[in-house]
Amino acid sequence: MTKAYIGIDLGGTKISTALMDEHGAILARAGCETEAATGQDAVIARMVDTAKQVARDGGKADLRGIVAIGVGAPGPLDTKLGVLTAPPNLPGWLNVPLARIIEEQLGVPAYLENDANAAALAEFHYGAGVGCANMIYVTVSTGIGGGIILNGQLYGGTDGAAGEVGHTMILPDGPLCGCGNRGHLEALASGTAIARAARELIAKGVPTLMVELAQGDTSAVTALTVEIAAKRGDLEAQRIIDRAMEYLGIGMANLANIFNPDMIVLGGGVTKMGEMLFAPVRRAVDRFAFPIIAKTVQIVPAKLGKDVGVIGAATVAVLHG
Ligand SMILES: [Zn+2]
């Protein structure tokens, strides 16, 4: 019987689940809304239902041949105990032993991992990082997260909390970060940060195409608005993106200098802007990292796209299975 693994990616808005083989091929997938407001029991029941559905669709309705289940969830969490500590986008969840509950309901060993670390494992084993020894994955979307792979292993740190790339200090007294500090990378280079910089500029009355694109509604300006305006030649939008990406590059240069990795893989919604992001990031790394380190490190786009979360969760299962 072929072995299979289930990955469940628990997000604040969506649950994505897949049945995967040990080579990273998705055999079946299912998903639904998280509906976090319905409470933890209802959400966990939906997670279990999607797991049963992918098992059935993959010809393993009796769950035999399913070696393990991996769950990717937003931190903070305790990977050793499989406990979700206090996820900010799942209100009311406090110290939920999620791995144990899922294991009991399905009768298959289950493991919990931080979603950014799970994504790093996915890109390392099945995506852009195949063949690397030392790889750092950074996701740039509404926030900035990361996962660090050293000598082929995920580096979790003493508390399993390592890889908080978004909360590294770039600019003292800079903009306020979601964590309460100022000038963290996430407050300077995430999609949220780019949109906020644009809104501040518009509020000052600076003429820019972004106002037109948002049809006069400043609150509708997103990172995508800034990207579109920049691509159409709007200098203010270009400046906002260049500055954000220089900060991102400074963050990546710091990581490169500390870890001397083979590769930094950049994923997440903001990286869809392509060279507009990668060119300034590579430039900053060349400028700010040690020459030997800058020469070695490849800075490349993630390969797994939207599937990275669910493949990541399933990868956690493969590694434990
Ligand atoms: Zn922060």
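Predicted model: local features only at pLDDT ≥ 70, side-chain atom pairs only at ≥ 80, totals over all residues.
Which domains does the domain assignment give for the protein chain?

View 1. The assignment divides the protein chain into domain 1 (4-114 + 307-320) and domain 2 (128-302). Domain 1 is therefore written as two sequence segments, 4-114 and 307-320, whereas domain 2 is given as 128-302. Taken over C-alpha atoms, the centres of domain 1 and domain 2 are separated by 28 Å.

**View 2. The second largest pocket and the residues closest to its centre.** This pocket has a volume of about 430 Å³. Its lining comprises 20 residues, of which Thr 79, Glu 113, Leu 154, Gly 156 and His 320 are the closest to the centre. Classified by residue type, the lining of the second largest pocket contains 10 polar, 6 nonpolar and 4 charged residues.

**View 3. Elements and domains that line the second largest pocket.** At least two lining residues come from each of strand S7 (110-114), helix H3 (115-126), strand S10 (153-154) and helix H11 (308-320). Domain 1 (4-114 + 307-320) and domain 2 (128-302) each contribute at least three residues to the lining.

View 4. Thr 17 belongs to strand S2, which spans residues 14-20. With a relative accessible area of 1%, Thr 17 counts as buried because this value falls under 20%. The side chain of Thr 17 makes a polar contact of 2.8 Å with the side chain of Thr 50. Beyond its neighbours within four places in sequence, Thr 17 is in contact with Ile 6, Gly 7, Ile 8, Ala 28, Arg 29, Ala 30, Thr 50, Ala 51, Val 54 and Val 310.

Note on methods
Residues numbered from 1 in each chain as written. Heavy atoms only, no water. 1 Å grid on protein atoms, 1.4 Å probe; cavity = no way out; pocket = protein on both sides within 12 Å on 5 of 7 lines; lining within 4 Å. Points joined across faces, edges and corners; volume = space filled by probe spheres on them. Helix = DSSP H or I, 4+ residues; strand = E, 2+ residues; numbered from the N terminus. Nonpolar A, V, L, I, M, F, W, Y, C, P; charged D, E, K, R; others polar. Buried < 20%, exposed > 50% of the residue type's maximum accessible area, 1.4 Å probe, protein only. Polar contact = N/O pair within 3.5 Å; in protein donor to acceptor, adjacent residues only side chain to side chain. Contact = heavy atoms within 4.5 Å.
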